[in-house]
Amino acid sequence: MTDQAARIADAIMARAPFDDLGAAAPGTLVEAYALQAQVVEKLAAAHGGIGGRKIAWNTAVQMDAMGLSEPGAACICADLVRRSPATLAAADFHTFAIEPEICAVLKADLAPRPNGHDRSTVIEAVERLAPAFELLDPRGMGKAAPFSVLAQNINNRGIVVGGPGLAPHDLDAEALRSVVTCNGETMLDKAGAAPMDPLSAVAFLANRFNALGQTIRAGEVMLLGAHLPPTPIAAPATMRFELGALGAVEFTIA
């Protein structure tokens with residue numbers, strides 16, 4: 001592990017302000033993922049291993065804004081996977097923010113395939129699709145270089161998974177209505193808020209991490225794209241995300 005990766009991981013765990021890395025930031029996608037892998041190695045060692053993956057910037061508008069030709073991807077540490085209803089402490093975050101998303105829970109490994117994965121090859125590996133909140137700590141990040149954000153695991157500091165969820169064969173994604181409330185006040189009420197087909201997002205993550213030499217394991221959770229942009233939340237707050245037939249997810253932060 002490089003000194004740079006160790007410093008980044010230590011800063012994330014210490015909730016230190018985001019460092020854009022300046023001239024030391026990765027210059028290519030390959031370099032960004034190589035640095036991310038080392039950062040995640042240290043984060044995972046402190047947080048029970050890898051418990052999931054996330055997609056980011058998975059709309060054409062977002063990719064264009066970030067100057068990327070594909071969505072971003074990052075990891076979720078196992079000890080930071082929480083079940084609804086969850087209780088969080090604001091002191092565990094420098095700058096707390098959330099994204100409501102569809103989450104896939106895997107029942108089988110997603111290993112490399114000769115022609116890669118698509119939605120038809122990943123559907124049998126998904127046990128259920130459920131509502132979830134991604135927990136983010138941008139650590140005061142303003143406008144930052146995309147490769148720097150990518151290298152720093154795209155600000156993920158956990159997930160709260162709700163339910164009961166549905167098997168993917170039973171899902172009509174177009175019929176889902178996303179309703180997000182904060183302390184009972186509605187923040188989002190929108191049908192079709194998912195940024196892309198959830199199973200296509202699973203396939204992207206499988207292919208991205210397979211290309212990095214990793215197999216995504218049964219039991220992992222996968223965040224499949226934000227229904228709201230990253231939204232700062234001030235404690236105390238109770239957040240709830242209802243997603244039609246998939247159920248609901250809730251947490252309180254104090």
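Is Leu21 buried or exposed? In the predicted model described here, Leu21 is buried, with a relative accessible area of 14%, where buried means under 20% relative accessible area, exposed means over 50%, and partly exposed lies in between (1.4 Å probe, protein chains only). Residues are numbered from 1 along each chain as its sequence is written, and side-chain values use heavy atoms, with hydrogens and water left out. Because the model is predicted, local features need pLDDT of at least 70 and side-chain atom pairs count only at pLDDT 80 or more, while totals for chains, interfaces and linings use all residues.

The overall form of the chain was considered next. Its secondary structure comes to six helices and 14 strands; helices (H or I, at least four residues) and strands (E, at least two) are DSSP runs, numbered from the N terminus. The C-alpha trace spans about 50 × 45 × 35 Å along its principal axes. Of the 254 residues, 52% count as buried. Among contacts with a separation of 6 or more, 80% are between residues 24 or more positions apart, a contact being heavy atoms within 4.5 Å.

Ten salt bridges are present in the structure, each defined as a side-chain nitrogen of Lys or Arg within 4 Å of a carboxyl oxygen of Asp or Glu. One of them joins Lys54 to Glu134, with the closest N and O atoms 2.8 Å apart. This pair links distant parts of the chain, since Lys54 belongs to strand β1 (residues 50-56) and Glu134 to strand β6 (residues 126-136), 80 residues apart. Lys54 counts as buried because its relative accessibility is 2%, and Glu134 counts as buried because its relative accessibility is 0%.

A salt bridge is also formed between the side chains of Asp109 and Arg217, at 2.9 Å from N to O. Here too distant parts of the chain are linked: Asp109 is in the loop between β5 (97-106) and α4 (119-122), and Arg217 is in the loop between α6 (198-211) and β11 (221-226), 108 residues apart. Asp109 is partly exposed, with a relative accessible area of 39%, and Arg217 is partly exposed at 45%.

The side chains of Arg177 and Asp189 meet in a further salt bridge, at 2.5 Å from N to O. Arg177 lies in strand β9 (residues 177-182) and Asp189 in strand β10 (residues 185-191), twelve residues apart, and the pair links distant parts of the chain. Arg177 counts as partly exposed at 42% relative accessibility, and Asp189 is partly exposed with a relative accessible area of 45%.

Backbone geometry was then examined. Most residues other than glycine have a negative phi, and most peptide bonds are trans. Leu21, in the loop between α1 and α2, has a positive phi near 75 degrees. Arg15 has a phi near 60 degrees, likewise positive in a residue other than glycine, and is placed in the loop between α1 (3-13) and α2 (29-46). Arg15 is partly exposed, with a relative accessible area of 33%. The peptide bond from Ser84 to Pro85 is cis, with omega near 0 degrees, and Pro85 lies in the loop between β3 (81-83) and β4 (86-88). The peptide bond from Ala235 to Pro236 is cis as well, with omega near 0 degrees; Pro236 is found in the loop between β12 (231-232) and β13 (237-243).

The largest cavity has a volume of about 30 Å³, the volume being the space filled by probe spheres set on the points, which are joined across faces, edges and corners. Its lining consists of Ile12, Asp137, Arg139, Gln152, Asn153, Asn155, Asn156 and Arg157, where lining residues have an atom within 4 Å of a point. By class, this lining has one nonpolar, four polar and three charged residues; Ala, Val, Leu, Ile, Met, Phe, Trp, Tyr, Cys and Pro count as nonpolar, Asp, Glu, Lys and Arg as charged, and the others, Gly among them, as polar.

Terms used: On a 1 Å grid over the protein atoms alone, a cavity is a set of points where a 1.4 Å probe fits but cannot get out, and a pocket is an open set with protein on both sides within 12 Å along at least five of seven lines; lining residues have an atom within 4 Å of a point.
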